[in-house]
Amino acid sequence: MVGKPIRGSWWGHPSGAAIYNETNKLADRRDVAVLKLLDGKVTFVLDTLWPHVYAIGRGGEPWQVTGLSPHSQRLLALVRRRGLIRTDDPRIRAAAGSQVSRSALDLERRLLVLGAQVHTESGRHAKSLESWSHWARRIKLAPRMPAVRAKAELARLVAGLNADFKARARLPWAT
């Protein structure tokens, strides 16, 4: 968008406001899912790759579940049971414990849930967390593929993008 790589945070770049506006437009598209896929950062994923992230998210592989804190385990159980929750819900905060925000981020980075920023009525920020099965029903995602194939295809795609753009983005299972 600015014609060259940005060093540091894009917030301080002269085009920061334009970047912010464009990312919001991208996030609002119906054919884009927003998740923490590359380097634990916000990644925009086109619908052609949704079967891949769904397969990986549902995988329950060791890189996803090993070392989950008790708070994260409780929050994951709540999301899976209810399908969709908000971290500012007092019932969720009471059930999941004091580490809701930290646990939500942990679950997102492990691709165990889909998270989205919510601007609350009070002007604060919260997260909505959605289980993969709820998301698949909501968007009517039918195709399935094995997680091993999905991971291999995404790894090839990211390796190609890294080569093309001289980048070093990493997928969560490769860390």
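Helices here are DSSP runs of H or I with at least four residues, strands are runs of E with at least two, and both are numbered from the N terminus. The model is a predicted one.

With those terms, the place of Leu111 can be given: the loop that runs between helix H6 (100-109) and strand S4 (114-119). The backbone of Leu111 has a phi near 60 degrees, which is a positive value in a residue other than glycine. Is the residue buried or exposed? Leu111 has a relative accessibility of 1%, so it counts as buried, the cut-off for that label being under 20%.

Lys140 also belongs to a loop, the one between helix H7 (132-139) and helix H8 (147-165). For Lys140, too, phi is near 60 degrees, a positive value in a residue that is not glycine. Its accessibility is another matter. The relative accessible area of Lys140 is 71%, and therefore the residue is exposed; exposed means over 50%.

What does Leu78 touch, residues up to four places away in sequence not counted? The contacts are with Gly83, Ile85, Ile92, Ala95 and Ala96. A further position can be related to this residue by distance: Leu114 is 36 residues from Leu78 in sequence, and their C-alpha atoms are 13 Å apart in space.

Key:
Residues are numbered from 1 along each chain as its sequence is written. This is a predicted model: local features need pLDDT of at least 70, side-chain atom pairs count only at pLDDT 80 or more; totals for chains, interfaces and linings use all residues. Side-chain values use heavy atoms; hydrogens and water are left out. Buried means under 20% relative accessible area, exposed over 50%, partly exposed in between (1.4 Å probe, protein chains only). Contact means heavy atoms within 4.5 Å.
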